[in-house]
Amino acid sequence: MPTITVPDVQTFEVPDDKKLVLAIEDAGIDILHRCGGNAKCTTCRVEIISGDPGAMNDAERERLAREVDLAENIRLSCQIRCHSDLTINVPYRLSSTELTDAGPRPTD
């Protein structure tokens with residue numbers, strides 16, 4: 001089982017092939033996912049500190065290309081399947097907004 005580490009927050013194991021956004025949310029971290037995991041927004045973006053998140057798919061590449069000045073280690077957690085240990089930062093969390101919910105739960 002891959003291990004996900006969010007420094008100063010939590011470390012948790014996830015089943016292989018689980019979407020990263022769901023793994024983060026199921027661990028109790030209030031990550032945003034305003035588009036429901038469809039690579040239409042970037043609220044579920046994470047910073048990959050270490051580990052291999054796998055190849056970027058076309059939907060993720062196209063969506064991130066529309067953003068300005070993103071670091072190369074920024075990825076959409078709704079498009080990543082967990083296959084290896086990762087250390088990540090989760091910059092957009094419900095608790096840091098005035099929103100009432102994180103968005104529709106992404107499907108697996």
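Helices and strands here are DSSP runs, numbered from the N terminus. With that in hand, welcome to a short tour of this predicted model.

**View 1. The whole protein, from end to end.** Let's start with the overall picture. The protein holds two helices and five strands, and along the sequence they follow the pattern β-β-α-β-α-β-β. The C-alpha trace spans about 30 × 30 × 25 Å along its principal axes. How does the radius of gyration fit a compact globule? For 108 residues such a globule would have a value near 13 Å, and the protein has 13 Å, so the two agree. Of the 108 residues, 44% count as buried. The accessible surface comes to about 5800 Å², and carbon and sulfur atoms make up 46% of that surface. Among contacts with a separation of 6 or more, 68% join residues 24 or more positions apart.

**View 2. The five-stranded sheet.** Here is the sheet on its own. Its five strands are arranged in the order β2-β1-β5-β3-β4, forming an open sheet with mixed pairing. Which strands stand at the edges? They are β2 (10–13) and β4 (74–76); each has a single partner strand, so one side of each is left without a neighbour in the sheet. On average, neighbouring strands of this sheet are turned by 35° against each other, direction ignored.

**View 3. Strand β5 and its two partners.** As a reminder for this view, strands of a sheet pair through backbone hydrogen bonds, either parallel or antiparallel. Strand β5 (residues 86–89) runs antiparallel to β3, and four bridges join the two. Within this pairing, I48 stands opposite I88 of β5, while G51 has L86 as its bridge partner. With β1 (residues 3–6), β5 pairs in the parallel sense over two bridges. Look for L86 here too, as the bridge partner of I4.

**View 4. T42 in its loop.** Now we zoom in on a single threonine. T42 sits in the loop between α1 (20–26) and β3 (45–51). Is T42 buried or exposed? Its relative accessible area is 9%, and because buried means under 20%, T42 counts as buried. The side chains of T42 and R45 are joined by a polar contact of 2.7 Å. Leaving out residues up to four places away in sequence, T42 touches R63, L64, E67, L76 and Y92.

**View 5. R75, a buried arginine in strand β4.** Our last stop is R75, which lies in strand β4. With a relative accessible area of 5%, R75 is buried. Which backbone oxygen does the side chain of R75 reach at 2.9 Å? It is that of G54. The R75 side chain also reaches the backbone oxygen of A55, at 3.4 Å. Setting aside neighbours within four places in sequence, R75 is in contact with C44, R45, V46, I48, P53, G54, A55, M56, E60, L64 and I80.

How values were computed: Residues numbered from 1 in each chain as written. Predicted model: local features only at pLDDT ≥ 70, side-chain atom pairs only at ≥ 80, totals over all residues. Heavy atoms only, no water. Buried < 20%, exposed > 50% of the residue type's maximum accessible area, 1.4 Å probe, protein only. Polar contact = N/O pair within 3.5 Å; in protein donor to acceptor, adjacent residues only side chain to side chain. Contact = heavy atoms within 4.5 Å. Pairing = 2+ DSSP bridges. Axes fitted to C-alpha atoms, helices over the stretch in contact; angles between N-to-C directions. Rg over C-alpha atoms; globule rule 2.2 N^0.38 Å. Areas by Shrake-Rupley, 256 points an atom, 1.4 Å probe, with all protein chains shown as cover.
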